[in-house]
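Dear colleague,

Please find below the structure I promised to hand over, together with its sequence. My findings follow directly after it.

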Amino acid sequence: MASSTTFKYATLDPTVWNQPNPVPIDVILYVDDAIKSILPPGNKIISITQSGSSYWARTANIKTETPDGEEQSFFIKVQCGDYAQKLFASDDPDKFFCLCEFRQLVEDVPDVEVFASMVAEMHNRGISPDGKFSFPVPTYGGRLPMIYPPSDTWEALFTQVMDTTFIVEEESQGVDEDMQALKEAIMTKVIPRLLRPMETGGVGRRLVPRLVHSDLWDGNVAIDVHTNLPVIFDGICLYAHNEYELTPWRPTRHNIGRPYIDAYLRHAGITGPAEDFEDRNLLYCIKFNLNSSAHYPGNLLFRNIVREEMRELVNKYPNGYEGWLEAHPDEAAADTTNGKG
């Protein structure tokens with residue numbers, strides 16, 4: 001696959017988006033032996049040309065000719081550095097690659113209803129095989145590793161992921177006492193308040209872990225020229241609460257936005273308590289924006305967005321899950337966790 005995406009909103013803050021690509025251009029000027037070794041036997045290399053764009057990698061189209069004289073193209077993505085070694089490999093010990101079928105894509109957002117229904121169907125089919133919220137291998141959000149250890153509840157996994165993301169963001173941007181205080185309230189009050197009611201209280205209430213892409217913004221979506229259908233790529237996959245997928249559709253800086261959320265909910269429904277949906281979505285967005293902040297040391301654009309998002313939820317839920325139980329005595333009677341998850 002390949003994308004002709006050029007990131008339209010670079011004007012949002014050039015110091016954030018207009019950074020030099022860390023991977024040298026020469027890695028896609030030739031096809032090395034490691035790549036040749038996994039191409040179909042007998043295919044003759046015709047050319048390699050740059051195709052698409054990426055913040056952290058170089059991408060190209062490798063055109064080949066089969067023994068029967070047919071043209072067959074492959075998409076290659078090359079990255080450098082220690083983290084890339086966990087994803088890809090090549091002749092050069094510091095350069096690693098991914099090779100797959102080449103798709104001719106156009107830069108465009110997908111049809112709202114078509115895309116929402118396809119994402120909902122992906123979630124419907126992608127059920128965790130062991131019933132755990134997790135993912136069996138490390139994945140990467142940009143340059144940051146994402147570890148999803150097996151967890152029995154979504155609250156448990158999300159709490160661990162948020163804690164790790166806060167640590168990584170602080171390492172990138174420095175210590176901020178206001179952020180630390182807000183983090184404490186988010187971890188101890190807001191997360192239990194917004195996530196625990198989905199899995200406790202009501203008889204038989206339990207979330208089903210579903211496969212999500214989890215970075216499904218318009219930069220990771222394009223349209224196949226030949227099918228006119230959406231193609232998604234560069235996932236940070238895990239088995240999660242399906243609504244976690246909608247996180248990148250909240251920020252107004254993205255071109256896949258609120259209409260897609262509304263369409264998805266028409267297809268998939270809203271997890272109960274339905275009245276918490278908007279604030280759950282905001283909580284998930286905090287994690288998304290923290291990850292963005294961690295990628296740009298010294299630029300506080302995303303940190304300041306996160307700060308205000310956290311403050312909104314902290315002010316709204318000072319009493320945490322216990323406050324929810326007090327307001328829902330029927331749920332409190334059925335809750336077997338005693339507020340401990």
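**Salt bridges and the parts they join**

Arg303 and Glu169 form a salt bridge, their closest N and O atoms being 2.9 Å apart; the term stands for a side-chain nitrogen of Lys or Arg within 4 Å of a carboxyl oxygen of Asp or Glu. Because Arg303 belongs to helix H9 and Glu169 to helix H5, the pair ties together parts that are 134 residues apart in sequence. Helices (H or I, at least four residues) and strands (E, at least two) are DSSP runs, numbered from the N terminus. Arg303 counts as buried, at 4% relative accessibility, and Glu169 counts as buried as well, at 2%. Buried means under 20% relative accessible area, exposed over 50%, and partly exposed in between (1.4 Å probe, protein chains only).

Please note that this is a predicted model, in which local features need pLDDT of at least 70, side-chain atom pairs count only at pLDDT 80 or more, and totals for chains, interfaces and linings use all residues. Residues are numbered from 1 along each chain as its sequence is written, and side-chain values use heavy atoms, with hydrogens and water left out.

By the rule above, the count comes to 20 salt bridges. Another of them joins the side chains of Asp178 and Arg307 (3.1 Å, N to O). Asp178 lies in helix H6 and Arg307 in helix H9, so this pair ties together parts that are 129 residues apart in sequence. Asp178 is partly exposed at 29% relative accessibility, whereas Arg307 is buried, with a relative accessible area of 13%. Both residues belong to a network of salt bridges that links Asp176, Asp178, Arg307, Glu308 and Arg311.

A further salt bridge is found between the side chains of Arg258 and Asp262 (3.0 Å, N to O). These two residues are 4 apart in helix H7, which means that about one helical turn separates them. Arg258 is partly exposed, with a relative accessible area of 34%, and Asp262 is partly exposed at 30%.

**Helix H7 and its cover**

Helix H7 spans residues 258-268, and its buried residues include Tyr260, Ile261, Ala263, Tyr264 and Leu265. Helix H4 (112-125) and H8 are among the elements that cover the buried residues of H7. Just after H7, Gly269 takes a positive phi of about 80°.

**Nonpolar cores**

The largest nonpolar core has 39 residues, of which Trp154, Phe158, Met162, Ile186, Leu238, Leu283 and Leu313 touch the most other members. Such a core is a set of buried Ala, Val, Leu, Ile, Met, Phe, Trp, Tyr and Cys residues joined through side-chain atoms within 4.5 Å. At least two residues of this core come from each of strand S7 (144-146), helix H5 (154-173), helix H6 (177-195), strand S11 (238-240), helix H8 (277-294) and helix H9 (301-316). H6 gives the most, with 9 residues.

Leaving aside residues up to four places away in sequence, Met162 touches Ile186, Met187, Ile191, Ile286, Lys287 and Leu290. A second, separate core has 15 residues, including Ala120, Val221, Trp249 and Phe277.

Strand S2 (residues 58-65) is mostly covered, with 6 of its 8 residues buried. S2 pairs in the antiparallel sense with strand S1 (residues 44-50) over 6 bridges, and Thr49 stands opposite Asn61 in S2. Two strands pair if DSSP finds at least two bridges between them. S2 also pairs in the antiparallel sense with strand S3 (residues 71-80), over 8 bridges; here Thr64 stands opposite Gln72 in S3. The hairpin of S2 and S3 has 5 residues between the strands, and Gly69 in this hairpin takes a positive phi near 90°.

**The protein as a whole**

There are 11 helices and 11 strands in the protein, and buried residues make up 51% of its 341 residues. Of the contacts (heavy atoms within 4.5 Å) with a separation of 6 or more, 69% are between residues 24 or more positions apart.

Kind regards
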